[in-house]
Amino acid sequence: MLRECLAAIAAQTVSPFEVIVVNDGSSDETRDVALSAGGALRLIDQPNGGKSSALNAALAVAQGDQIWIVDDDDIVLPDALATLSALLADTPDAGFAYGRHDRFDHKAGTAARLGTGYWQDCAPDDFLQATLEDLFAHQPSILVRRAVFERVGPFDVSLARSQDYDMLLRLARDSTPAVTDKIVFLQRQHDGRRGPAAQRFDSAQSQAKWIDSDQAIFRRLYDEWPLDLFAPRRATGSAADRRAALINRGVAMARRKLWTLAIADFESAAAACQSPLTDAERAALRRSVLGKYGCRELVTDEAAGRLLAGF
């Protein structure tokens, strides 16, 4: 996979300023494959520390003004860097640029394209709320100004997974993006084992692992982020603004199966403003049961069902 990934980077119509590969304690031929790619490639060897540690090591030595993180199992399309860098050049106020992706079946090869899957069309000012509801822009489709990474800080080494989601939320909190609906990379779907060396797991366990990691991130957001970050256009000056923010935060929590937090926000929203719900609020509330992880627990878990019935 790494060989294909590096070949796709080398085939860019706009050459990257530098290519950095982090060998995070691999025990296979990763190092030899990376060095065989040739060109101006910098290899960092380090003991296995997990994805966040590896990314932080690369960020610490990167010299470019823009950072493009490409996962080693994905394939970027030839004009991806040209497309994303042009977006940043044309949108100087944007902190990062992103585009779409297609998934492909590993066994059938790139000819077996599976479509993007979940994708959210949204205005730049709405990107944070859309991303709070679900991750739809992935790292190989995102080009970030180096200054933004410097403002938001390094990847969280306490997270064994969902590091990219945590980082994207922090990027979206800091800056608005520029966007294209053009396909810029191919995301490989495969059954390989995942996670850092000390916490490897099979693909069948993936959903449970992602839910656990996402919940840890969202509990922290609930406690640490001010409410106005969840409001449309970050406005909480009125009772209506506060209700909208509480609904949005509750929806984000519900889609992570954090129903106790979600219901608390919905109850506070109901008390905050007595005017009829807006169409946008009704649509948001419907989305609380439409997350990619489902909401089966509302009918199978007696405590969860009582919680919702009480609300």
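How many helices and strands does the secondary structure of the protein chain comprise? The chain has 13 helices and 8 strands, where helices (H or I, at least four residues) and strands (E, at least two) are DSSP runs numbered from the N terminus. This is a predicted model, in which local features need pLDDT of at least 70 and side-chain atom pairs count only at pLDDT 80 or more, whereas totals for chains, interfaces and linings use all residues. Residues are numbered from 1 along each chain as its sequence is written, and side-chain values use heavy atoms, with hydrogens and water left out.

**Figure 1. The protein chain as a whole.** Of the 311 residues in the protein chain, 48% are buried. Buried means under 20% relative accessible area, exposed means over 50%, and partly exposed lies in between (1.4 Å probe, protein chains only). Contact means heavy atoms within 4.5 Å. Among contacts between residues at least 6 apart in sequence, 69% join residues at least 24 apart.

**Figure 2. The buried face of helix α1.** Helix α1 covers residues 2–10, and its buried residues are Leu2, Cys5, Leu6, Ala8 and Ile9. Seen down the axis of α1, these residues fall within an arc of 155°, so they line one face of the helix. The arc is that of the directions from the helix axis to the C-beta atoms. An α-helix has 3.6 residues a turn, so residues three or four places apart point the same way. Arg3 and Ala10 are exposed on the other side of α1. The cover over the buried residues of α1 includes β1 (19–24), α2 (30–36), β2 (41–46) and β4.

**Figure 3. The surroundings of Cys5.** Cys5 belongs to helix α1 and is buried, with a relative accessible area of 4%. Which residues does Cys5 contact, leaving aside its neighbours within four places in sequence? They are Val70, Asp71, Asp72 and Asp74. The C-alpha atoms of Cys5 and Ile75 are 5.1 Å apart in space, although the two residues are 70 residues apart in sequence.

**Figure 4. The buried face of helix α4.** Ala80, Leu81, Thr83, Leu84, Leu87 and Leu88 are the buried residues of α4. They cover an arc of only 165° around the axis, which puts them on the same side of α4. On the other side of the helix, Ala89 and Asp90 are exposed.

Figure 5. A salt bridge is a side-chain nitrogen of Lys or Arg within 4 Å of a carboxyl oxygen of Asp or Glu. Side chains of opposite charge can pair when their charged atoms come close. The whole structure holds 15 salt bridges, one of which joins the side chains of Lys182 and Asp79 at 2.6 Å, N to O. Lys182 lies in strand β8 (residues 177–189) and Asp79 in the loop between β4 (75–76) and α4 (80–90), so the pair ties together parts that are 103 residues apart in sequence. Both side chains belong to partly exposed residues: the relative accessible area is 36% for Lys182 and 23% for Asp79.

Figure 6. Arg220 forms a salt bridge with Asp166, and their closest N and O atoms are 3.0 Å apart. This pair links distant parts of the chain, with Arg220 in helix α8 (residues 206–224) and Asp166 in helix α7 (residues 163–174), 54 residues apart. Are these residues buried or partly exposed? Arg220 is partly exposed, at 28% relative accessible area, whereas Asp166 counts as buried, at 4% relative accessibility. In another salt bridge, the closest N and O atoms of Arg256 and Asp214 are 3.8 Å apart. Arg256 lies in the loop between α9 (239–254) and α10 (259–272) and Asp214 in helix α8, so the pair ties together parts that are 42 residues apart in sequence. Arg256 and Asp214 are both buried. Salt bridges that share partners join Asp156, Asp166, Arg170 and Arg220 into one network.

**Figure 7. The packing of helices α9 and α10.** The axes of α9 and α10 are 8 Å apart, and the helices pack at an angle of about 165°. That makes α9 roughly antiparallel to α10, a description that applies to angles over 145 degrees. Axes are lines fitted to C-alpha atoms, for helices over the stretch in contact, and angles run from 0 to 180 degrees between N-to-C directions. Among the residues that meet are Leu246 and Ile247 in α9 and Trp259 and Phe266 in α10.

Key
Angles under 35 degrees count as roughly parallel, over 145 as roughly antiparallel, 65 to 115 as roughly perpendicular and the rest as oblique.
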